[in-house]
Structure formats: structure tokens, C-alpha cells
Amino acid sequence: MSRMRYGLRRWAGLGVVGLLTGPVQAEEVSLDEISVTSDKPARRFGDAAAGGAAPPDGILPVVADRFATVTVVTGRELARSQPTSLGEALFDKPGLSATTFAPGSASRPIVRGLDNHRVRILENGTGVQDMSDLGEDHAVPINPLINDRIEVIRGPAGLRYGSQAVGGVVSVENKRIPTAIPASGVAGRVTTGLSAVDNGRNVAATVDAGHGNVAVHADAFKSAADDYNTPLGIQRNSFNRSQGGAIGTSYLFERGFVGLSFSHFDSVYGIPGIGSAAQRTRLDPNQDKLQARGEIRPLDGPVAAIRFWAGGSNYRHNEFGTTPSGVEEIAAVFKNRAAEGRIELDHVPVETAFGTLSGQLGFQAERRKLRISGAEGGLLRPTDTRVQAAYLFEELALGGGLRLQAAGRIEGNRVAGTQALFPAGFLPEGPGDEPVESRRTRRFAPKSASFGALQDLPHGFVASLTGSYVERAPTSPELFSRGPHEASATFEIGDPNLRLERARTVELGFRRAEGPFRLDATGYVTRYTGFVYKRLTGFTCGDAFDSCGIGGGDLRQVVYSQAGATFTGAEIGSQIDLVPVGNGFAGISAQYDFVRAQFDDGSFVPRIPPHRVGGGVFLRADGWTAQVTLLHAFAQTQTALLETPTPGYNDLKAEIAYSRPLDPAVYGMSEVTLGLRGTNLLDDVIRNAASFRKDEVVLPGRNVRLFLTARF
């Protein structure tokens, strides 16, 4: 808490938000919220305070009224599965995977085979502002346990957040900036759990309260786990620890709200693998973040709503290791200072001869300054990235259940850094040969556009067809990387002459959200021009370029390169209620996903997740939730040059939980949930085809988790 108080004092001068209005009663300040991740104004999915209702445990959440494909992980599911990283929370969802570089800590989401600079991670509408996109060994400073839900958005809706969201957006939502006052004046939950495979311990608590016009929020979490077991033995140096929390407050008035929050995160975790375990490599990310958010809905005029999001943070982590002589040292210090702001204006619906037209105009600006120091500071010299953008979404409701949407975005990107000019063959000409360096600034003007159609069909089905064209500007690591990264065991070389990456996508969706049969199915094709990827050269390096290729180094040389590529894939999730049981049902579920990614020359894109198919049975009735599922991943043999094939695996899961409502006046709680969850019950050897460390790191073996959640 002393660090949090220090952070608050340090951030106090960054901004002051004020608004004067007359007092209103608490009952009048709960607004139908406009979701920050939707592609149109909509109530927040699963937020009871916003007028919606979270789906009961065990029901597949399907979002059928958006032009984008959306995967939802509810807060109740997070409380049962208790992931300690975003990648772990999403790993087995259709169309999603994770990097699992350090399972349980450094595991960033992968969306349709895309990761890092093509997947944008948001918290309450602004970027997470970390360094997880710079290296697979870097964790995302978010603990999922305190969140109300996670949404993964693919398709045209990503235009709202920038060209770096060409693969998708992972949006984490919580109440750190309150938007409503609990009906009883105070509400909260406590979640805790124990896991056997790693001696894991989790606890998280949230409290929301308010009176009159003022709402407040507080949360805290702590997670710890030892080295985990696998069918092949202990995965050395796979431990993790994390803790943090937040406080926030909002002023609510009749036509809107304005709020502010401060959060702190710190962690320490090991990097598994042969070399990193021997050197006891570990990272200790910490972040202080300030966020603001607000909304106002004018009574009249052409503007229906004005909303803003703003955030700034200081992020830092050290990379520790042990030298051959046994001396512990800091190999590198990574720092990121970032700030972002976005404002949107919804115009009032306009009745036209064709139908009702509604839409939003938005403006966005962000700045990011990266700095690496220490023995490994040669990876990337200091960089400064600035982005300004404007975007427009318009939707036309034609009647008969048909809606059309068009969107466009234009950006101005400025990336300043130090370029390093390497020989064409990426090998030194002699001892002491190092690349020539010079300062350089690249400017890009990415432009993007999309068009979509959404049609209601009989029996509750909805069909969607979207097409998009997205240009992505290369990032500073892709342009200016020039040295060793010990934690990931790579020697990374950027290309300062990279061009815009262009993606053309056609996507077809078919969904049903209500009734006994629920379906979420999507197929897509994306054609890339100038696809940027990490290419293994086959050489190894030491800590300096003049060591590359002589056989003495243990760092794999990686070069950022460009080529044409085509991604084709599908993702399907379904569930059907078959037999009435008590006040609920028993039924079956099924899922399938694949992505095929191939360069124009016929070779395959590196580290692509395999085909997966799964299914199971479930029961939800009288407070009980139970399910058994089996997910089979096929062997991944469509591998890039110098990449090894990955064998298939079977992941058998089972879960049983009981929720009981209680009288708060008697027990002090409104509901308690107790359950057991088992994963990888066959104790199969699971290697992640999308991981850089798949040949060295096996995912956790058989595990049983006990979990408990109390709500009040």
C-alpha cells in the first residue's frame, strides 16, 4: 500500500477532472451503458447494473447483435477457472490461443494465429500500456480475477482502436471506474482458490459502494504458484507471484458520469526452458496506471452522447539472471511510459428514406516511449512513437432485420528511434564488426475501411457478412531492434525500411444467442501484403553481433521480414439443452477451430496453432453446475523453415460447482459458490505449437483446483 500511496502522489499532477451539476437521487444515476468495445452503442453485456443480466453459469455466451465476432468470458467463469494470465483465460476458446512462453505469467493471447503487434489489449477502454508486445517473455500486467468479463473482438470493430488491432482486440472490463451505484449501497465479492499442480494460491476481492452522486470502488489481488508438475517431471523455473489493486471513484449525474482510478501491479516470475532455468532467469514487472473516463448525454441538439477515455502509466521490469560463476545480475531494465486519450461523439439517429442512420465520430491520440538499459540495452535504443487518428462508424437500419454498417479510419504515425544497418546476410565480416547506427524517424499514414451487413433470420438466427481493408504501421521493435534478448534467448534484428502491412479480410458469421440451441460460427479469409514476421535465420549469436554465425552463441538470430501471406480459418462454438433436470437442463457442447497461414511461396507462417475439435456434456440445475469436456488438438506439421512439428494432445476437463443464495441479513453474504475443477486429467504431454519454447516447455500436467466465491 505504501507503493500505491507513493504512486498516487506521483500521479496527482497529471490531470484534474471536474464537473458541476445539481444533486440527484442515487436511483436516477444508473445509466444504460454504451459498451466501449462494441461496434455500435449497446448495453454492456452481462452487466446487471446497466440493465442487462449475466447469463447463468454453464450457458455459452453468444453475442449475435454485433457486426464483429465477439468471444465473451464472464466474471463467473473467471472465478471458476482462476487464470493468472490473459493467455490462460483464453487458451482453449475457439479461434484463440496463447503464447505460453511462461505459462501462468508470460502468456499473451493469440487471435486467429496473430499475436504481439496485431492484437491490442485494453483495460476499460484504453491500452494496457505494457511491453508484452515487445517480447514473448513479457507478462501482461493484468490479473483476470478482479475483472467482470473479458471480450475478444475480431473484425471491423477493431478500427476503433487502431491499426495495431488488425488481428483483434482483447478488452478487459472491470468497475475500477464506477458507472453506477449498487442498489443496496454496497456490493462486492471475494474469490479464492488452491491448485494442486503448482501449489497455487489465489485470492481477489472487490468492493463497490456509493451514496448520492458519488460511487467508489476498491479491489486487491494476490496470486502465487511454485514450479508446476508435468507428465515429464517438474518444469523448472516456472514459478510466479503477483499482487496489486486499485481504487477509483466517479461522480454520477442525471445525464452521465465522470470518473478516475489508480491501479498498481507488481509481479515476479521465472522463465522456464533449459538455458533460462539453468540461469534462473526471472522478470519483475510493475506498473502504476491512472485512468479517467466519462460520458454525457445532451438533452437536445445533434449529439446524442459524448464519451471520453484517457490513461497514462509508468511500466518497468528487470530481467535477472545468474552468470556461469554463480553471480546474480540484472541483464536489462525495460521501461515504458505511455499515455492515450480517445473521445467519441454519437450523433442523434436520423430518419432517412432508407431507414434509421446512427453513428459515431471518434478521435484518438497516444504516445509511447520505450527505453532499455543495462547489459542487454543493445536490444533496442530509446524510441518514441506518436499516433493521432480519426474514425467514423455509421449504421443504417433498413427494416426487416437488415442492418448495414460502414466504417473508416485514418492515422498519422511517427516512430523515432535508432536504426542499425546490418549486412545483407546478417553475418559479421570480422571480429569487432558491429552495425552502423544513426537516428531515424519513420512516418506512416495508415488508412482502413470496412463494410458489413447483419440480417436477422427465422428462429432467432443472425447472419453477418463483413469485408475490411486495414493498413498497419510497423512498430518500433519491428523497425529498430538490434541486439540480444536473453530472457527469450534471441538476437533480434529489425528492418528500418519496413513498409505498411496491408490486410484484406472477408468474414461470414452465423449465430444464435437464445433458446435451447446456441451457436457462434465464423469463417474468414485474410490476404496480407507485406506481412511482418519474425524469421529464424538458422544462425546463433552471443551478446554482440560480431559473434553471430561462429557457433559459440546460444541466442537464436531472428530477423523481422515481410512477405505476402494468406490466413484462412473458422471457429465454431455450440451448445444445446436436451433434457430438463429440475429447474435447468442437461445437454451437450461442441467446438472446432483452425487457421491455415501460408506465404505466397508456399511455405508456412511460423508458430500457428493447430486444428482443434472438442465437445462434452453439461448440467445446470438447482444451483448445481457440472460439465465434462475433451479438447483434441491435432499435430501441427504445417511448420515454417527451422521450426519443429508439434505432436497432438488431448485435454480432458471436468468441473462441478454448487451456488447457494443466502440472506445477507443473516450471513452477511448474498451468494456463495464452492466447486472443484480438473484440467488435463489424462496427464497428457501438451506442447503449444504457437510457442517459441515448445521444444523445451511442456504445459502443466494433471491438475485439480478447489475454488470458492462469496458475494455480498
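A disulfide is taken here as a pair of cysteine sulfur atoms within 2.5 Å, and in this predicted model the structure holds 1 such link. The disulfide joins cysteine 541 to cysteine 548, with an S to S distance of 2.0 Å. The angle about the S-S bond is 110°, and the link of cysteine 541 and cysteine 548 is right-handed. Because burial requires a relative accessible area under 20%, cysteine 541, at 0% relative accessibility, counts as buried, and cysteine 548, at 2%, likewise counts as buried.

With regard to the fold as a whole, the chain contains 35 strands and 6 helices. The radius of gyration of the chain is 25 Å, close to the value of 27 Å that the globule rule gives for 712 residues, and the chain is therefore as compact as a globular protein of that length. Along its principal axes, the C-alpha trace of the chain spans about 75 × 55 × 55 Å. Among contacts in the chain with a separation of 6 or more, 68% are accounted for by residues 24 or more positions apart.

Burial and surface composition were also computed for the chain. Of its 712 residues, 57% count as buried, while the accessible surface of the chain comes to about 27,100 Å², with 60% of that area belonging to carbon and sulfur atoms.

Conventions. Residues numbered from 1 in each chain as written. Predicted model: local features only at pLDDT ≥ 70, side-chain atom pairs only at ≥ 80, totals over all residues. Heavy atoms only, no water. Buried < 20%, exposed > 50% of the residue type's maximum accessible area, 1.4 Å probe, protein only. Helix = DSSP H or I, 4+ residues; strand = E, 2+ residues; numbered from the N terminus. Rg over C-alpha atoms; globule rule 2.2 N^0.38 Å. Contact = heavy atoms within 4.5 Å. Areas by Shrake-Rupley, 256 points an atom, 1.4 Å probe, with all protein chains shown as cover.
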